[in-house]
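Hi,

Here is the structure I promised to pass on.

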Amino acid sequence: LELTDVLYLSAKGNGGFDDGKYDKTCVYIVPSYLSPSMKNYFSNDEDWNSRTTGDKYLYRAAQRSLDMTIDQLGRDKFNEKLSEYKRLRKLAEDSCKGQVVYPCDAGGNRLQR
């Protein structure tokens with residue numbers, strides 16, 4: 001698998017607009033946000049913690065599996081490839097900036113294609 005096989009450009013970002021083919025209007029992509037009370041709930045609430053226990057076990061198992069795979073490949077080799085991937089992704093973003101045609105402008109108006 002080559003790095004260019006998995007290279008991508010972000011098409012949507014929080015704080016921007018997307019048409020999503022929804023009624024031919026642009027929809028604002030709300031930036032993620034956690035209020036102090038939400039943070040408190042997620043970190044301390046017993047009900048929330050009991051509901052997400054299975055998710056936490058699954059996450060830890062996946063993380064452990066990924067770490068073992070990276071160790072098998074060689075951590076130094078993996079880190080080299082990851083650095084190269086990040087460099088190529090930034091290069092692609094910088095090269096394509098200004099050439100990408102988005103469905104909506106920065107003001108939320110649908111652009112004609």
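Y41, F42 and W48 make up one aromatic cluster, where rings of Phe, Tyr and Trp (its six-membered ring) pair if their centres lie within 6.5 Å, and planes under 30 degrees apart count as stacked, over 60 as edge-to-face and the rest as tilted. Bear in mind that this is a predicted model: local features need pLDDT of at least 70, side-chain atom pairs count only at pLDDT 80 or more, and totals for chains, interfaces and linings use all residues. Residues are numbered from 1 along each chain as its sequence is written, and side-chain values use heavy atoms, with hydrogens and water left out.

The whole structure holds four aromatic pairs. In one of them, the ring centres of F42 and W48 are 4.7 Å apart with the planes at 55 degrees, so the pair is tilted. F42 is partly exposed at 32% relative accessibility, and W48 is partly exposed at 28% (buried is under 20% relative accessible area, exposed over 50%, partly exposed in between, with a 1.4 Å probe and protein chains only).

Overall, the protein has four helices and two strands, in the order β-β-α-α-α-α from the N terminus. These are DSSP runs numbered from the N terminus: helices are H or I with at least four residues, strands E with at least two. The radius of gyration is 20 Å, well over the 13 Å from the globule rule for 113 residues, so the protein is more spread out than a compact globule (taken over C-alpha atoms; the rule is 2.2 Å times the number of residues to the power 0.38). Buried residues come to 12% of the 113.

On to the charges: there are seven salt bridges in the whole structure, each a side-chain nitrogen of Lys or Arg within 4 Å of a carboxyl oxygen of Asp or Glu. One of them joins D19 and R110 at 2.7 Å, N to O. That pair links distant parts of the chain, 91 residues apart: D19 sits in the loop between β1 (17-18) and β2 (27-28), and R110 in the segment after α4 (75-96). D19 is buried at 5% relative accessible area, while R110 is partly exposed at 30%.

Within helix α4, E84 and R87 are three residues apart, about one turn of the helix, and their salt bridge has its closest N and O atoms 2.9 Å apart. Salt bridges with shared partners also join D67, D71 and R75 into one network.

Cheers
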